[in-house]
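Welcome! Let's take a friendly look at the open spaces in this protein.

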Amino acid sequence: MLHPLLTRWMCLTAAIMPSAAVQARTTPTDEPLALVTRFETARRDFDPTLLAATLAPDFVEISPRGEVDSRAKVLGFYDPAHKRPAPPMESDETTVRLVSDIALVTKRLSMVLPGAGGRRSIRALYVAHQGRAGWQLVSAQYTPIPPEPAK
């Protein structure tokens with residue numbers, strides 16, 4: 001027969017361990033970040049089905065030029081019939097902030113543009129909403145980051 005303290009410790013450990021394992025696997029920011037990754041993948045691959053699934057019906061995008069594009073215009077731009085090569089893009093400086101059922105995801109996106117003077121970066125802000133359909137993007141805004149001055 002086990003000692004009563006050992007039995008109590010085993011019961012407590014069994015009760016705590018599953019919830020700790022679940023918490024270690026997911027955090028509240030995982031889903032919005034995964035949504036943004038799916039959106040970026042859909043754009044890169046010109047995948048209209050995946051792209052449409054990530055965008056809310058009232059999605060708007062503000063381009064690096066300051067143009068406001070509707071969901072339909074964004075979907076049209078990434079139509080596979082218009083697929084064009086794009087330089088590889090890297091991302092870093094990612095942050096996710098949750099406010100109730102809204103997530104704000106920011107990233108720095110960088111690419112090397114052949115023949116255009118080297119590396120260019122933009123700051124991206126993605127706004128996601130969690131509704132009945134799950135997480136969807138409602139807005140994206142891209143702001144150019146000026147290049148570092150030559151030394």
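Which residues line the second largest pocket?

## The second largest pocket

R108, S110, R119, R120, S121, R123, I145, P146, P147 and E148 form that lining. Two or more of these residues come from each of β4 and β5, and β5 gives the most, with 4 residues. The lining divides into 3 nonpolar, 2 polar and 5 charged residues, where Ala, Val, Leu, Ile, Met, Phe, Trp, Tyr, Cys and Pro count as nonpolar, Asp, Glu, Lys and Arg as charged, and the others, Gly among them, as polar. The volume is about 170 Å³.

## The model and the terms

This is a predicted model: local features need pLDDT of at least 70, side-chain atom pairs count only at pLDDT 80 or more, and totals for chains, interfaces and linings use all residues. Residues are numbered from 1 along each chain as its sequence is written, and side-chain values use heavy atoms, leaving out hydrogens and water.

A pocket is an open set of points on a 1 Å grid over the protein atoms alone, where a 1.4 Å probe fits, with protein on both sides within 12 Å along at least five of seven lines; lining residues have an atom within 4 Å of a point. Points are joined across faces, edges and corners, and a volume is the space filled by probe spheres set on them. Helices (H or I, at least four residues) and strands (E, at least two) are DSSP runs, numbered from the N terminus.

## The largest pocket

The largest pocket holds about 1200 Å³ of space. Among its 32 lining residues, R43, F77, Y78, M89 and M111 are the closest to its centre.

At least two lining residues come from each of α2 (30-45), α4 (71-77), β3 (89-99), β4 (102-113), β5 (118-131) and β6 (134-145). The largest share, 5 residues, belongs to α2. By type, this lining has 16 nonpolar, 5 polar and 11 charged residues.
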